Amino acid sequence: MFTLITLPYSNEDLSPVISSQTLSFHHGKHLQTYVNNLNNLLKDSGFEDSTLEEIVKKSSGAIFNNAGQILNHNLYFLQFQKVKEDNKPEGKIAELINRDFKSFEDFKDEFSKKSAGLFGSGWVWLSLKADGTLEISQEQNAQNPITRGNIPLLTIDVWEHAYYLDYQNRRAEYIEKFWSIINWKEVEKRLA
Ligand code: MN
């Protein structure tokens with residue numbers, strides 16, 4: 001049985017980038033529903049003893065959709081911290097970003113453009129490929145680059161439920177503010 005992750009901050013801590021109202025619905029209602037759905041679907045599925053990552057890699061249909069959304073949201077919610085001025089990566093993750101995208105600004109531009117340009121519901125990911133290079137990818141619905149063998153590092157949820165209460169149709173503004181709450185230490189840990 002899977003359980004709802006506990007957030008490493010309070011519902012008010014990400015304000016004004018993500019309001020407590022959005023967090024309480026997004027984490028407490030949307031993610032909880034995916035957890036409940038998956039637990040119901042797992043009975044007699046053959047995946048009862050699998051990890052979430054294994055299920056995402058091997059399943060399809062409703063099991064994949066719910067497991068994928070749990071994994072995606074866990075990585076999304078656990079990568080945040082309180083708003084920080086001039087927030088940027090340091091250390092190993094900064095080195096890799098500079099190597100593969102020229103600079104943090106260039107990386108941010110490409111990631112932001114792909115996030116604004118994703119049609120419909122989905123996620124944009126920074127992930128580490130098997131060859132050791134970084135990739136930014138647009139993924140529809142519940143997809144995660146882990147299904148291609150990549151290690152997921154950073155993500156933005158561009159389903160409307162992630163930003164509509166705070167930004168309505170202004171997805172670009174949500175993306176712009178998103179950068180100030182990234183916990184880059186947490187993102188760097190995912191490289192290991
Ligand atoms: Mn979501």
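**Rings, metal and sheet**

Tutor: Ring pairs join Tyr 76, Phe 77, Phe 80, Phe 101, Phe 104, Phe 107, Phe 111, Trp 123, Trp 125, Phe 178, Trp 179 and Trp 184 into a cluster. The model is a predicted one, in which local features need pLDDT of at least 70 and side-chain atom pairs count only at pLDDT 80 or more, while totals for chains, interfaces and linings use all residues. Residues are numbered from 1 along each chain as its sequence is written, and side-chain values use heavy atoms, with hydrogens and water left out.

Student: Why is the pair of Phe 107 and Trp 179 called edge-to-face?

Tutor: The ring centres of Phe 107 and Trp 179 are 5.8 Å apart, and the planes make 75 degrees. The distance is within 6.5 Å and the angle is over 60, so the pair is edge-to-face. Phe 107 belongs to helix H5 (residues 104–117) and Trp 179 to the loop between helix H7 (171–178) and helix H8 (184–189), 72 residues apart. Helices here are DSSP runs (H or I, at least four residues) and strands are runs of E (at least two), numbered from the N terminus.

Student: Are Phe 107 and Trp 179 buried or exposed?

Tutor: Buried means under 20% relative accessible area, exposed over 50%, and partly exposed in between (1.4 Å probe, protein chains only). Phe 107 has 0% relative accessibility and is therefore buried; Trp 179, at 5%, is buried too.

Student: What makes the pair of Tyr 163 and Tyr 174 stacked?

Tutor: The centres of Tyr 163 and Tyr 174 are 5.2 Å apart and the planes make 25 degrees, which is under 30, so the pair is stacked. Tyr 163 and Tyr 174 are both buried.

Student: Why is Leu 41 called partly exposed?

Tutor: Leu 41 has a relative accessibility of 33%, which lies between 20% and 50%, so the residue is partly exposed. Leu 41 is part of helix H1 (residues 20–42). Not counting residues up to four places away in sequence, Leu 41 touches Ala 62, Ile 63 and Asn 66, where contact means heavy atoms within 4.5 Å.

Student: How do you know which residues are donors of the manganese ion?

Tutor: Donors are N, O and S atoms within 2.8 Å of the metal (3.2 Å for Na, K and Ca); water is not among the atoms, so sites may look incomplete. His 26 (NE2), His 73 (NE2), Asp 157 (OD) and His 161 (NE2) lie 2.0 to 2.2 Å from the manganese ion, so they count as protein donors. Of these, His 73 is buried at 0% relative accessibility, and His 161 is buried at 18%.

Student: What makes S2 and S3 edge strands?

Tutor: Two strands pair if DSSP finds at least two bridges between them. Three strands form an open, antiparallel sheet in the order S2-S1-S3. Strand S2 (134–140) and S3 each pair on one side only, and are the edge strands. Seven bridges join strand S1 (residues 122–128) to S2, so these two strands pair under the rule.

Definitions and conventions. Rings of Phe, Tyr and Trp (its six-membered ring) pair if their centres lie within 6.5 Å; planes under 30 degrees apart count as stacked, over 60 as edge-to-face and the rest as tilted.
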